[in-house]
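Subject: Structure handover

Hello,

Here is the structure I promised to pass on. Please open it alongside this email, and then read on for what turned up.

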Amino acid sequence: MGSPAGHARGRKRDADATRAALLEAARELFGRHGYDAVTLRDIGERAGADGSLVARYFGSKAALYRSAVAEESREVAASPEPAELAAFTAYALGRADQRGAPGPLVQALLSQGNAPEVRAAAADEMRARLVAPLAARLAAEGADDPGARAEVLVSCLVGVIAMRSSGLFDDLAALSPETVGAMLESAARTQASATSPVPAPDGTGTSGDGQGASG
């Protein structure tokens, strides 16, 4: 006959397993279909649990979405350094290709639905995890307005992930993740070099603008 403490531990293990199953199901379904198209019943059926348990473990559907986005963001933090744009792009596209969907973080950014707080949270995560490290790299390389340039590059990556997953662009789908990564890396280097001072032929300053060289 089991002890009360043993029963309590068993209930906690069951509760933890149910919560984890709901979160994993939410990540998969939200990542494939977005927020509005997925119901709590869908999540419960995928998790093998009662969808009403979402309220117990997460509070609401929107809170569950935020948890799914946060979990995705934690995995992004353990990925290749975002400032290494080629490697990070290959990683992100490889993940999207493997699951055949953009993922909850990208879906949240693209959503125009009824949970603006989820979209705002996803944007905050994207700025912290991707934009800021890339902007720091561009600033170190001498790029003008590195924050805006980093946002442009990250927006390109988000769009590539979404369109590649859609299957609408055959040539994009045929490219390897590494090739797409090299393209974005080339764009990043071009942005930095386009705003860097050009040394004068004698090495004393900049050329091409009539400044930086005497005489």
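This is a predicted model: local features need pLDDT of at least 70, side-chain atom pairs count only at pLDDT 80 or more; totals for chains, interfaces and linings use all residues.

**Alanine 128 and the overall picture**

Alanine 128 is found in helix H7. It counts as exposed, at 51% relative accessibility.

The protein has ten helices and zero strands. Along the sequence, the pattern therefore reads α-α-α-α-α-α-α-α-α-α. There are 215 residues, and 37% of them count as buried. Take the contacts in the protein with a separation of 6 or more: 61% of them are between residues 24 or more positions apart.

**The core**

Which residues have the most contacts inside the largest nonpolar core? They are Phe30, Ile43 and Leu64, in a core of 51 residues. Helix H7 supplies the largest share of this core, with nine residues.

Leucine 64 is worth a click. Leaving out residues up to four places away in sequence, leucine 64 touches Leu22, Leu23, Ala26, Phe30, Ile43, Val54 and Phe58. Two of the core residues named above, Phe30 and Ile43, are among these partners.

**H7 against H8**

H7 covers residues 116-140, and H8 covers residues 146-166. Their axes come within 8 Å and cross at roughly 125°. That angle makes H7 oblique to H8. The crossing is right-handed.

On the H7 side, the contact uses Met126, Leu130, Val131, Leu134, Ala135, Leu138 and Ala139. On the H8 side, the residues are Pro146, Gly147, Arg149, Ala150, Glu151, Leu153, Val154 and Val158. By class, the contact of H7 with H8 has twelve nonpolar residues, one polar and two charged.

The loop between H7 and H8 holds aspartate 145. Is aspartate 145 buried or partly exposed? Aspartate 145 has a relative accessible area of 48%, so it is partly exposed. Its backbone deserves a look too. Phi of aspartate 145 is near 50°, a positive value in a residue other than glycine. Most residues other than glycine have a negative phi.

**H5 against H8**

H8 also packs against H5, which runs over residues 85-99. Here the angle is about 25°, and the axes are 10 Å apart. Angles under 35 degrees count as roughly parallel, so H5 is roughly parallel to H8. H5 passes H8 in a right-handed crossing.

From H5 come Leu85, Phe88, Thr89, Ala92, Leu93, Ala96 and Asp97. They meet Leu153, Leu157, Val160, Ile161, Arg164 and Ser165 in H8. The residues of this contact divide into nine nonpolar, two polar and two charged.

Apart from neighbours within four places in sequence, methionine 163 is in contact with Leu168, Phe169 and Leu172. Methionine 163 and alanine 173 are ten residues apart in sequence, and their C-alpha atoms are 8.6 Å apart.

**Two buried residues to check**

Arginine 137 lies in H7. Why does arginine 137 count as buried? Its relative accessible area is 13%, and buried means under 20%. Setting aside residues up to four places away in sequence, arginine 137 touches Ala83, Leu85, Glu185, Ala188 and Arg189.

Glycine 51 sits in the loop between helix H2 (40-47) and helix H3 (53-57). Glycine 51 is buried, with a relative accessible area of 11%. Neighbours within four places in sequence aside, glycine 51 is in contact with Leu40 and Gly44. The C-alpha atoms of glycine 51 and arginine 41 are separated by 4.9 Å, with the two residues ten apart along the chain.

Best wishes

Terms used:
Residues are numbered from 1 along each chain as its sequence is written. Side-chain values use heavy atoms; hydrogens and water are left out. Axes are lines fitted to C-alpha atoms, for helices over the stretch in contact, and angles run from 0 to 180 degrees between N-to-C directions. Helices (H or I, at least four residues) and strands (E, at least two) are DSSP runs, numbered from the N terminus. Angles under 35 degrees count as roughly parallel, over 145 as roughly antiparallel, 65 to 115 as roughly perpendicular and the rest as oblique. A crossing is left-handed if the near helix is turned anticlockwise from the far one by less than a right angle, and right-handed if clockwise. Contact means heavy atoms within 4.5 Å. Ala, Val, Leu, Ile, Met, Phe, Trp, Tyr, Cys and Pro count as nonpolar, Asp, Glu, Lys and Arg as charged, and the others, Gly among them, as polar. Buried means under 20% relative accessible area, exposed over 50%, partly exposed in between (1.4 Å probe, protein chains only). A nonpolar core is a set of buried Ala, Val, Leu, Ile, Met, Phe, Trp, Tyr and Cys residues joined through side-chain atoms within 4.5 Å.
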